[in-house]
Amino acid sequence: MDLQSLCRVICVTALISLICHRCWVTAGDIVHDDDLAPKKPGCENDFVLVKVQTWVNGIEDAEFVGVGARFGTTIVSKEKNANQRSLVLSDPRDCCSHPKNKLANDVIMVDRGLCKFTTKANNAEAAHASAILIINNQKELYKMVCEPDETDLDIHIPAVMLPQDAGASLEKMLTSNSSVSVQLYSPRRPLVDIAEVFLWLMAVGTILCASYWSAWSARESAIEQDKLLKDALDEIPDTRNGGSGGIVDVNTTSAVLFVVVASCFLVMLYKLMSYWFVELLVVLFCIGGVEGLQTCLVALLSRWFKRAGESYIKVPFFGALSCLTLAVSPFCIAFAVVWAVYRNVSFAWIGQDILGIALIITVLQIVHVPNLKVGTVLLSCAFLYDIFWVFVSKKLFRESVMIVVARGDKSGEDGIPMLLKIPRMYDPWGGYSIIGFGDILLPGLLIAFSLRYDWLANKTLRAGYFLWAMIAYGLGLLITYVALNLMDGHGQPALLYIVPFTLGTFLTLGRKRGDLRVLWIRGEPERHCPHIQLEHQLSEESNDEK
């Protein structure tokens, strides 16, 4: 595929991926305080996820997840402090009247029924139950709250709701004449998981690699321009466009248009989210991943296989392709296909991250921010976009559109693939720490620009802007994870923290050093044209001879 087609495919895929500006944990909130659910004395617990571990005839069996009620005693957080109790099926099933069962600190399982949740809990406690499991009549979980006029809230046993399918499994165990016991506990998520450390390193490392590749290409292009200008005084090429083939410069109009297009695409995803739509996104991601992986591998291997990289073969429909590209392409396609087929297995995140990183690096190599003005407009628009679709959209759609789309709540899938993720290793609830492509791509455009400027201006690492921009990005992403943990895993828009750190550092340093005008308008240091110097030298020699 020629470079123009490559750019077109990658840019389309990048546009889709840029809607994914978020960073949160997909295991679900452990603690959730809902202001809409009324609180009163005796009914003021936070909603917590609860693990229900089962044993059948003394052998450990399935584990289910429920949600604790607003009322009742709190559930222990440590497994070693949780007591193992026998499970009994209530008679009557809804426990709206006093149970006929003889209980001795057993856990009673009841149907949701028509009476109040607190009525069931009071009846179960009066029958000497140690806890009550209420089975919902739907597959989803339901928050058990108190009615505004309720007064009988002195309940001293924990109440947990389980989904319908969990109740069916437990009932099957009980009706098979087996001895079933359960253990209830709500483990707390660790303050920091090592997955977040690796994800931070992955994001920073991706921008680092992409920036150096972009700066190296820009410097090679500048050197090539200088050579052409020295060798061809009669035909002086345009120094603005020379050597920039295949590079897409973002302008202020496209930066603003990005927010509009991305917002429309996000709403379309939200409204049309389904299994087939996610499958379409997987196909687009694979196309972009193949192109990205191929570009990275060809650039890397061409250092050792120069002849293969410089030998071209004309292929119908695709145009002229290097032998190295033809050799690498089947591997890249096979890699993406295998990932797509097995993307639901536990280790599929590795393939997704490899394809994602390759795509991000390639986009940062091809798409450039020409100056600080465009970078400021782009990041500012993305900053507002992120906040609106994560927080403000709750007021309009009654839920965060960004988070619903990213998790794939309406698709039956694990979410869209345009993100990097790592499984949480020490989290008892499992899940993934994830970061959207946009949280790397958008700041990466500005950081790559800073290194290109530093190299063209011959600035040292400390005297330049790249080092400080990278530190600012790392700190911004670190603050995102701190906020994430302080919010008990609630979704956090990473650009809310990254943009002020990165952009603020760049603008402050530029103004302090007196480079802000050049950075803002030109985006590159002034360079003396070699052909002008040579013409001036020849003119002086001619005058001396006269």
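The chain has 16 helices and 14 strands; helices here are DSSP runs of H or I with at least four residues, strands are E runs of at least two, and both are numbered from the N terminus. Please keep in mind that this is a predicted model, where local features need pLDDT of at least 70, side-chain atom pairs count only at pLDDT 80 or more, and totals for chains, interfaces and linings use all residues. Residues are numbered from 1 along each chain as its sequence is written, and side-chain values use heavy atoms, with hydrogens and water left out.

Now the overall picture. Of the 546 residues in the chain, 49% count as buried, and by that I mean under 20% relative accessible area, with exposed being over 50% and partly exposed in between, using a 1.4 Å probe and protein chains only. Take the contacts (heavy atoms within 4.5 Å) between residues at least 6 apart in sequence: 74% of them join residues at least 24 apart.

On to the cysteines. How many disulfides does a search of the whole structure find? It finds two, where a disulfide is a pair of cysteine sulfur atoms within 2.5 Å.

One of them is formed by C43 and C146, with the sulfur atoms 2.0 Å apart. C43 lies in the loop between β1 (31-32) and β2 (47-56), and C146 in the loop between β6 (131-135) and β7 (159-162), so this pair ties together parts that are 103 residues apart in sequence. The S-S torsion here is about 105°, so the disulfide of C43 and C146 is right-handed. Both C43 and C146 are buried.

The other is formed by C96 and C115, again with sulfur atoms 2.0 Å apart. C96 sits in the loop between β4 (84-89) and β5 (107-111), while C115 sits in the loop between β5 and α2 (117-126), 19 residues apart. This link of C96 and C115 is left-handed, with -85° about the S-S bond. Are these two cysteines buried or partly exposed? C96 is partly exposed at 26% relative accessible area, and C115 is partly exposed at 22%.

If you number the bonded cysteines in sequence order, the pairing reads 1-4, 2-3.

C95 is buried, at 0% relative accessible area. The sulfur of C332 has its closest cysteine sulfur in C296, 9.1 Å away, also too far for a bond. C332 is buried as well, at 0%.

Last stop: helix α3, residues 164-175. Its 12 residues reach 16 Å from first C-alpha to last, close to the 16 Å expected, the expected span being 1.5 Å times one less than the number of residues. Which residues of α3 are buried? They are A166, G167, L170, M173 and L174. These cover an arc of only 120° around the axis, which puts them on the same side of α3; the arc is taken from the directions from the helix axis to the C-beta atoms. The face turned away from that buried side carries the exposed residues K172 and T175. After α3 comes N177, with a positive phi near 55°.
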